[in-house]
Amino acid sequence: MSFEGGYSVLPPIYNGEDINDISEGDSVNMDINGDIKDVTEQNGHTDNVNDDKENIDGDNLPDEPFSSILQNHKLGYSTEDSFDKDENVRLEEEIKLHHLEQLMQRFSRHKPDDILIQAGTGFFPAKTQARTPGRMNLKEFKQTVSDVLMTEEYDDYLEKLFQKLDSSASGYVDWNEFCTYLLLLYRENDYMRTKREIPFLVEPKIRHIVQNRQEQTTKIVAVEGPARYVTVSREGAISVWYPSMQYDKYYVISDDEEDSSQKRRFKMWVTDAIYMPNCHKIAIASTSRDIRFFDTSTAQYFEEYHLFALPDVPYCFDYWYDKRNPNSESLLIFGNDTGAINLMYFSKPVTQLFDIPFKSDGGAHKIFMQNLDQHSRYIRHTVISDVHPELIRQVQYIPDNNMIISSCANPNKSIIISDIKCLKKSYVFRIDKGVECFDFSKKLNILVTGSLDHCIRLWNPYVPSKPMAVLEGHGTGVIGVKIHEGLMQVFSYSKDAVVKVWDIKEHAILQTVVLKFPSSIHGRMPEHGQFPIHLQPSPQSSLLVTCNDYIGLLKLGRTSIPMSETVNTHDTQLCCAIYNPVFKQVATGCDSSVIALWDIETGNKSVVFSNAHGEEEITCMTFDTTYRRLFSGARNGTIKVWNFQNGHNLHKLEAIAEAEITGIMPLVDKKVIISVGWSRQITLYDDTDPDNMYLQAQKNWKGGQLHKDDILTIDFCPPNLLCTASFDGEIIVWDVETEKIFVRLRKGQASNLVKKIEDMSSNDATNGRPRSMNSRPNSRHQKSHRVERGQTAPVDKVLFLKGRATGRNLEVSTLITSEGGHIRFWCLYGARNEMGYFYAPDTADESVLGMCTNNNNSLLVTGDTQGNIKVWDIMTYCIKFQERGRIKTKPPLEASWHAHDSAIVSVEYGKHDTGEYIITASTDKTARLWTLRDGQYIGTFGQKKSWNLKDPTTWAHPKTPWSTSDTSSKKDSDSSTVSDGKSLVTEHDLELPTEDVEIKEKKEDIKPDRRKSPVQQTTNQNQDNDETFLGIKVEKELQRKQADRKGRRENFGDIRMEKTQKYGKLCSPFQALSVPSVVDIKIPTNMPLSSRMVNKGYTSNNLTEEKLMTMDFSYGGRETPPGEQGEATVRKNVGGSRVSMRDDKSRSSNRTTPRIFAPTFKKHHTVA
């Protein structure tokens, strides 16, 4: 914090001396946080407090910073306690301008002594090495900064700062390195401070309202059903626009006696207009002391009522109606030019506004104001007089407490909140230059005003004495303000056609949009109407502004703040999380090309590398052995090297192909960088020149490019062993010194010739990428990890046990691989290599994508695609060969817990002063911190509440990630349904498979995830029930069909394309001719029979094709034998007999039944 005299306030620092009380003569105002609010100025300098009760002039600094004095006076304890280092306060963020000037002078004047290499003797002079002026070592740097800040309290922090500045690990820093670090830090702080989702993401649409005839627009109203924007000019030109800002039509307000010449015909100016949604009318007021009501319920708008001869000019409108009962009493409020407020109550607004008899001729119904009593059946009118001493600029009705907010330009009664019945006390707000505009939100309980003094004020509506905040930033008077409740933001519009967006909570400016209207260029101040701004809610979600005879539309990117409190580390899936033990920080990378650095001691974010690889996904990251450089690889084959401390891009490595990078291995001792990926090649980069920005790729690996499929993982074991493994299961260990094969643990699966031809045919003509580079997703993106029968599982991860490799025992496993969930232990020496294996996940067809061990390789940590973490004791596992076969038993399981909702892609071991920890990263967009031994949940990187590793009470344990976010997740699902109006239905919910689909995969897709916690399953069920745009009945019917389809698949097996579509989707004429037109039908022996067929004597044995063709389906007499079904039954028609009558009834009944076999019915019912 800087004083007006040039001084600054550092974080409270204590030098061991007691501080006296502040003198009573000093004028210092402080807020509740202890910050200085106001300082009395004298003689151009700032008089402040000191420990000797003497005034300090502008040229002398006190022995202690001012904040130290004030904090001790207020809080009453030592400053050392008041500076909480656990809050991650950075010294470099508190350095002010005059501190930087002093540091620059110290660096420029720094002339160090030479370094003594060998002391001199009587015969030989001393050997020294000259040092570069301006470069300080750690001791000199700490002393210089301490002298400038006049404290030594920051010595511990200065050591960390020196390590960050010394990116080259030379042991010296200069002024350029110090400035570079600060510039990058400040840039990142500005980015983090303004990283809020700004509302306007696209360029505004500006249209010219030709019909205004160069007159400004008074008001913009939005009409419903269909949605249209209506602009009303000052002289009465009504223009109608589509929501896309396409011009539709226009009308002109005119009297009957007006002529149709092109002269200035209008004798009145429009003052305001408002839309009445329940009755579909627009009310327009003018200086002619009248109100015109236009009907908008049809395609053509027309003037329906004309209320004239009002006693005063209506200047501003507001309208309210009951949305639950639109035809109930509604209220039209308008303020006039004398300071009075008029209230018009319409008893039946939908039916009729005024009591008008039938009129044969055309035109509007004219109502004389003096005769308004004759319309008492439909309208009543009251007046609240002398509310303001002058013209009322705006009114707004609050139906919750039956109050009216009105404003005017008078400084004594700028805003008045009055009771509509004049029974309660009025709230009067006084502003020096009055109020030009205001807006009120009952939901947020906030009143926003704009004035000609360029300021925007936020008020508590019940505290008129002082505003909550004053927002400054406009260069001219503010003439329009709107509150967006969903975004919790304020939109303001000034006379110079500038729109600003303000955050209500933080009182900070978020965005500034300069609207380049043609009428506002060349430095001219444009003219505006009385109401130049309109905020249109969803679904249009737009902000409309007017300037002269132009209109501009700014589309809102989003309409609400996500209410979810679910903590996410990144906004997309993570690729990995790696730990830097030197700086005690964690680096995470995600698919949106963002790299973030987190403090492991608190979980706070320190630095963000935005757009690290443009728009490409980050696929892998690693540190070098000095932990000062960060390497990142992307989906498109690019590799970049970063300064870990400040995010400066040091090197860019040449991409050999547009293929995913899966592993980077920097070998500092050999000055070389090795990379592997889906290019199936081992690539080398020369790392000898630190100033070379672009490093060329070298493909001359001496051992040859032996991998035939995509390389998925890499690991290095000092001093010279390198292991690579590929998608086809091949595992090769190389000798880095000779670049030759040390041992091939497994050869890859033989390539399929058909697949090879398909890959060759699908190569990209431009870059020659094989098909696998485009089609197959990354392992962390795969939905199913099931390995098909006969196919080798891909090697997802290789890990050297470096602690075992340094021993003398050669017959011990020193390499671990993860293949389709199986963890295999390998010995690199001898004829037998594979020593043992076990399956780590709990269920079948899962994989282990993340593995790590502690420093002595006694514990193995695995993270699988179910989101589970397991800690295995491998101290004595696979340390010697069995006499026969391999070891197939599992090692002892130390701990196991559910860590993430989806696949874990990275597991990292972290050693800290306070203990041993596990950092996990997952595709559920989170990275979390756990204890190693018992899996206690510490927190998620990115959560609001910081933790302290030294204080276990600040950890999330015993809570879990789901118990801490259960309530918030439920709220999120509810709010998302209400705010959006639509839901997100996954592709799986709507997918109807038509091709060959494996039954097991379908079962896995349909069945719920049993591995999730009960809290999460309940939340997901609530979301499924709430989020639906098809309707509950349709969703249930869709689920029933899916269940039926699942049952049919289980009963009848897969759908075979060779049977259902014998010739595919296309059929040639020759294929059609080869299909037989008549197919013999064979009756199955187990054909089911109905009860009627059994009663008639049919069985599955005596059924033939001839019997089916002549089968009797009638309800004839019982005397007809089964063997005589084909013979005609002849009966004599005896008139008047009962048999004849019975036969007639049977014949009539048979006629009403559907005839399936018409010839058979005729044959059996022929009357002789």
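Me: Buried means under 20% relative accessible area, exposed means over 50%, and partly exposed lies in between. This model is predicted. Why is Tyr247 called partly exposed?

Reply: Tyr247 has a relative accessible area of 34%. That value falls between 20% and 50%, so the label is partly exposed. Tyr247 lies in strand S11, residues 247–252.

Me: What makes the nonpolar surface patch that includes Tyr247?

Reply: Tyr247, Tyr250 and Val252 make the patch, and its area is about 250 Å². Members of a patch need over 30% relative accessible area. Tyr247, at 34%, therefore passes that cut-off.

Me: Why is strand S31 described as largely enclosed by the rest of the structure?

Reply: Strand S31 covers residues 498–503, and six of its six residues are buried. Buried means under 20% relative accessible area, so each of the six is below that limit.

Me: How do you know that both faces of S31 are covered?

Reply: In a regular strand the side chains alternate between the two faces of the sheet. On one side of S31 are Val498, Lys500 and Trp502. On the other are Val499, Val501 and Asp503. All of these residues are buried.

Me: How do you know that S30 and S31 pair?

Reply: Two strands pair if there are at least two bridges between them. Strand S30, residues 489–494, is joined to S31 by five bridges. The count meets the cut-off, so the two strands pair. They run antiparallel, and Phe491 stands opposite Val501 in S31. S30 and S31 form a hairpin with three residues between them. Ala497 in that turn has a positive phi of about 60 degrees.

Me: What makes S31 and S32 a pair?

Reply: Six bridges link S31 to strand S32, residues 508–514, in the antiparallel sense. At least two are needed, so this is a pair. Val501 stands opposite Gln511 in S32. A hairpin is formed here as well, with four residues between S31 and S32. His507 in the turn has a positive phi of about 55 degrees.

Me: What makes S61 and S64 edge strands?

Reply: The open sheet has four strands in the order S61-S62-S63-S64, with antiparallel pairing. Strand S61 (904–912) and strand S64 (937–940) each pair on one side only. Neighbouring strands of this sheet are turned by 20 degrees against each other on average, direction ignored.

Me: How do you know that S63 pairs with S64?

Reply: Three bridges join S63, residues 927–931, to S64. The cut-off is at least two, so S63 and S64 pair. The two strands run antiparallel, and Arg928 stands opposite Thr940 in S64.

Notes
Residues numbered from 1 in each chain as written. Predicted model: local features only at pLDDT ≥ 70, side-chain atom pairs only at ≥ 80, totals over all residues. Heavy atoms only, no water. Axes fitted to C-alpha atoms, helices over the stretch in contact; angles between N-to-C directions. Buried < 20%, exposed > 50% of the residue type's maximum accessible area, 1.4 Å probe, protein only. Patch = residues over 30% accessible without salt bridge, like charges linked within 9 Å, V, L, I, M, F, W, Y side chains within 5 Å. Areas by Shrake-Rupley, 256 points an atom, 1.4 Å probe, with all protein chains shown as cover. Salt bridge = Lys/Arg side-chain N within 4 Å of Asp/Glu carboxyl O.
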